[in-house]
Amino acid sequence: MVDKKKTARDRATVRRHLREFIAALDRRVPHVERVGEVAIARAAAALRKKAVQRLAELEAEPDKSH
């Protein structure tokens, strides 16, 4: 048997962590003078896009705790 309250709590934690991760990526300032910065900025943008997509998926799922 699945503990529905724990599952809902875990999902809420994941959503919170994703929001914090997205915010951290948004705060990041590119340093164009550094070698490899373009690749880092692209990777950060790709990670942000995936995090936003996952957050949207989690928020669209119905709450199954009832």
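This is a predicted model: local features need pLDDT of at least 70, side-chain atom pairs count only at pLDDT 80 or more; totals for chains, interfaces and linings use all residues.

I began with helix H2, residues 37-60, which has 24 residues and reaches 34 Å from its first C-alpha to its last, close to the 34 Å expected at 1.5 Å a residue. Helices here are DSSP runs of H or I with at least four residues, strands are runs of E with at least two, and both are numbered from the N terminus; the expected span is 1.5 Å times one less than the number of residues in the helix. Residues are numbered from 1 along each chain as its sequence is written, and side-chain values use heavy atoms, with hydrogens and water left out.

I then checked H1 in the same manner: its 24 residues should span 34 Å at 1.5 Å a residue, and its end C-alpha atoms are 35 Å apart, which agrees. For the protein chain as a whole I found two helices and zero strands.

Next I asked which residues of H2 are buried. I found Glu37, Ala44, Ala51, Leu55 and Leu58, where buried means under 20% relative accessible area, exposed means over 50%, and partly exposed lies in between (1.4 Å probe, protein chains only). These buried residues of H2 pack against H1. In H1, I listed Arg11, Arg15, Leu18, Ile22 and Leu25 as buried, and what covers them includes H2. Over the protein chain of 66 residues, buried residues make up 15%.

I looked at how the two helices lie. The axes of H1 and H2 come within 10 Å and cross at roughly 150°; axes are lines fitted to C-alpha atoms, for helices over the stretch in contact, and angles run from 0 to 180 degrees between N-to-C directions. H1 and H2 are therefore roughly antiparallel to each other, a label given to angles over 145 degrees, whereas those under 35 count as roughly parallel, 65 to 115 as roughly perpendicular and the rest as oblique.

I turned to the largest nonpolar core, which Leu18, Ile22, Ala51, Leu55 and Leu58 make up, five residues in all. H2 gives the most to this core, with three residues. Such a core is a set of buried Ala, Val, Leu, Ile, Met, Phe, Trp, Tyr and Cys residues joined through side-chain atoms within 4.5 Å. Leaving aside neighbours within four places in sequence, I found leucine 18 in contact (heavy atoms within 4.5 Å) with Ala51, Arg54, Leu55 and Leu58.

I followed three further residues. Arginine 11, in helix H1, counts as buried at 17% relative accessibility, and it touches Leu58, Glu61 and Pro62, not counting residues up to four places away in sequence. Is glutamate 37 buried or exposed? Glutamate 37 is buried, with a relative accessible area of 4%, and, leaving aside its neighbours within four places in sequence, it is in contact with Arg28, Pro30, His31 and Val32. Lysine 50, which lies in helix H2, is exposed, with a relative accessible area of 59%. Lysine 50 and leucine 18 are 32 residues apart in sequence and 9.9 Å apart in space, C-alpha to C-alpha.
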